[in-house]
Amino acid sequence: MERGAESFAVSNHRLDSDDEEEEVEGDDDYDGDQIPVAKPLTDYDLIIDALPSATINDLHEMAKRMLAAGFGKSCSHVYSTCRREFLEESLSRLGLKKLSIEEVHKMTWQELEDEIERWIKSANVALRILFPSERRLCDRVFFGFSSAADLSFMEVCRGSAVQILNFADAVAIGSRSPERLFKVLDVFETMRDLMGEFESVFSDQFCLVLKNEAVTIWKRLGEAVRGIFMELENLIRRDPAKAAVPGGGLHPITRYVMNYLRAACRSRQTLEQVFEESNGVPSKDSTLLTVQMSWIMELLESNLEVKSKVYKDPALCYLFLMNNGRYIVQKVKDGDLGLLLGEDWIRKHNAKVRQYHSSYQRSAWNKMLGLLKVDNTAAGMNGLGKTMKVKLKQFNVQFDETCKVHSTWVVFDEQLREELRISLARLLLPAYGNFIGRFQNLGDLGKGKNADKYIKYGVEDIEAHINELFKGSTTARK
């Protein structure tokens, strides 16, 4: 039996040395001063012959005699020991490390991201090239002895397969922090894409446990993805309404959630698969992913409603909701999130933004607009003149204060900012023009120096001040 073990070891040595020398010697363009560079592997659809055919034939004859003599287990053990070392060395060269679950969980996020990239490469090579090649080698060495071939293959590949599965499991049961979603999805997708290989390579009775474990871990990764979305929900709920965002601008939670969901929807098909495997029941017109996204949007909107109450000025409260509502709609419209939520959702939320616009305008400007209405019941010309003088003074004061404050407020979206200014101009300019026109027709009171005491702004001045609104500060606009 020692002679058999030596034969296996020698065979592996030949593979590592002779074949490499032949490849270099056969390259007519080889320059001794240059270092050959291997090209990245992109096609996994290949099976390698791990040993020369003559060696395989010799090993088959040895195995046949040992099995006939009753040394089947010893033969499988020696064979699997040698091949296992080769397989483990191959995966090590691909960068796959032997890590415990605790070691994976102690990694920094950057370290884990790097390790996941190495794992994806190693898992693909192992399941699509190395394991099938070992399966083929076992079948040839133990040809005619299927049980011995299955046992030997399991002993060769079990350690490496468990190493691959353990890492995926460590990722699955790790932190549910939302920023981990995208790498967890990478691991989930890799496991999903390799399930066919797990099914075909580990199909015999000895490897059934490995195949079942692969399915279990794949499902556990799906649970991890759903858990991450639950943690995102908790993050939105817990985000406190502390200090107000300057100028009623975009809240950081709005930016974070919307950009997060847009990025997540790039993996829409995978996420739909993940949520279809959950226990929820979708409505007739919605997928479970649509239900999930709609719920997160609802949580975000409720959170923003609470945050808007931090502003003491109702007009600024509505401006804040308008800003964040417009940002949400724009982010939804421009990607797969819009396809998930649908046109009805977009129309409904555009209507909400218009409602916030109207509420802002009513809160900030309606009182001022009321000052420009003339009471025709005023007693005589003198009574009307006194009333209009008082109203003009009040209008000038309120317009000055409002413009001073609202010029520090911010509307991030240029189109929305222009819509607001146009709307205010249409609201104020005709009313103001009519008011001062009527005032100027009040005989001597409305002419010359007397009029200048009260008419502080011309119509063009009002328009110029409106055009200076909502510029805010650079910080508030970011």
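A salt bridge is a side-chain nitrogen of Lys or Arg within 4 Å of a carboxyl oxygen of Asp or Glu, and the side chains of Asp-400 and Lys-456 meet in one, at 2.6 Å from N to O. Asp-400 lies in helix H14 and Lys-456 in the loop between H16 and H17, so the pair ties together parts that are 56 residues apart in sequence; helices here are DSSP runs of H or I with at least four residues, numbered from the N terminus, while strands are runs of E with at least two. This is a predicted model, in which local features need pLDDT of at least 70 and side-chain atom pairs count only at pLDDT 80 or more, whereas totals for chains, interfaces and linings use all residues. Residues are numbered from 1 along each chain as its sequence is written, and side-chain values use heavy atoms, with hydrogens and water left out.

Side chains of opposite charge can pair when their charged atoms come close. By the rule given above, the count comes to 26 salt bridges. One of them joins Glu-115 to Lys-97, with the closest N and O atoms 3.7 Å apart; Glu-115 belongs to helix H5 (residues 109-141) and Lys-97 to the loop between helix H3 (72-93) and helix H4 (101-105), 18 residues apart. How exposed or buried a residue is can be read from its relative accessible area, where buried means under 20%, exposed over 50% and partly exposed in between, using a 1.4 Å probe and protein chains only. Glu-115 is buried because its relative accessible area is 3%, whereas Lys-97, at 44%, counts as partly exposed. Another salt bridge, between Arg-128 and Glu-197, has an N to O distance of 3.8 Å, and this pair links helix H5 with helix H7 (residues 181-201) across 69 residues.

The aromatic rings give a second set of links. Rings of Phe, Tyr and Trp (its six-membered ring) pair if their centres lie within 6.5 Å, and planes under 30 degrees apart count as stacked, over 60 as edge-to-face and the rest as tilted. The structure holds 17 aromatic pairs. Among them is the edge-to-face pair of Tyr-360 and Phe-470, with 5.8 Å from centre to centre and 65° between the planes; Tyr-360 is in helix H13 and Phe-470 in the loop between helix H17 (459-466) and helix H18 (474-477), 110 residues apart. Tyr-360 has a relative accessible area of 0% and is therefore buried, and Phe-470 counts as buried at 0% as well. The rings of Phe-399 and Tyr-457 have centres 5.3 Å apart and planes at 65°, so this pair is edge-to-face.

Finally, consider the nonpolar core, a set of buried Ala, Val, Leu, Ile, Met, Phe, Trp, Tyr and Cys residues joined through side-chain atoms within 4.5 Å. The largest such core has 140 residues, of which Phe-131, Phe-202 and Tyr-360 touch the most other members. Its largest share, 15 residues, comes from helix H6 (residues 146-172). Contact means heavy atoms within 4.5 Å, and, leaving aside neighbours within four places in sequence, Phe-131 is in contact with residues including Leu-87, Phe-153, Ile-164 and Phe-202.
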